[in-house]
Amino acid sequence: MKRFFLLIFPGLAVLLADRLVKHLTVDSAGRVLIPGVLALHPTRNTGMAMGLFQDNTLLILIASMVLIGVCVWLLRDVRLNGLALAAVSMMAGGALGNMIDRVALGSVIDMFELLFMDFYIFNVADVGVVCGAVLCGVSLLFRPQDWSKRKK
C-alpha cells in the first residue's frame, strides 16, 4: 500500500494542484500573495523552461512525451523506492499538467512571479518537474538503494 501511495499520490497531487491553480488564477493578475516575494501574473507561455523553444509546440510536446515515457519506463522497469519513486511520480505529473495545456490551448498557463528577483513566471507543474528532478538527483547521490533493476 505504501508503494502504491508513493507511486500515485505525488504525481496526482502535482497534476490536480496544477489544474486547480490554473483554473482559480485566470482573473488574478497583479494579486500579491507574499509582499516582496510572490505575486500572481497569469500569462500564456508558448515556450518551455526559461523561455526555450518559443512557439515550437510540436518540439515541446515531443520533449514532454519523452519525459513522460522515461518516467513510465522508470516506474515499470526500475525498482524505485521511497524518495526516488515519489520524485519520478512528481516529474510525470508536472509534465502531464503542462502537456494538457499545450494540447488544449497551444501554450501553457504560467502564473507565479517572483518579486524579489528577475525570473521567469512559472506554474505548479513546473515546480513538480523541477522538484522531482532535484529529488531524483538527491536520491541517486544519497539514497542509491532506492534505485535497483527489476528482476525479469
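Which strand does Asp110 lie in? Asp110 sits in strand 4, residues 108-114, with strands (E, at least two residues) and helices (H or I, at least four) taken as DSSP runs numbered from the N terminus. The model is a predicted one, so local features need pLDDT of at least 70 and side-chain atom pairs count only at pLDDT 80 or more, while totals for chains, interfaces and linings use all residues. Residues are numbered from 1 along each chain as its sequence is written, and side-chain values use heavy atoms, with hydrogens and water left out.

What Asp110 does have is a pair of side-chain polar contacts, one with Asn45 at 3.0 Å and one with Asn123 at 2.8 Å. A polar contact here is an N or O pair within 3.5 Å, one atom able to donate a hydrogen and the other to accept it; residues adjacent in sequence count only if both atoms are side-chain atoms.

As for nonpolar cores (buried Ala, Val, Leu, Ile, Met, Phe, Trp, Tyr and Cys joined through side-chain atoms within 4.5 Å), the largest has 12 residues, among them Leu74, Val88 and Trp147. A second, separate core of 9 residues includes Leu40, Ile109, Phe112 and Phe122.

Definitions and conventions:
Buried means under 20% relative accessible area, exposed over 50%, partly exposed in between (1.4 Å probe, protein chains only).
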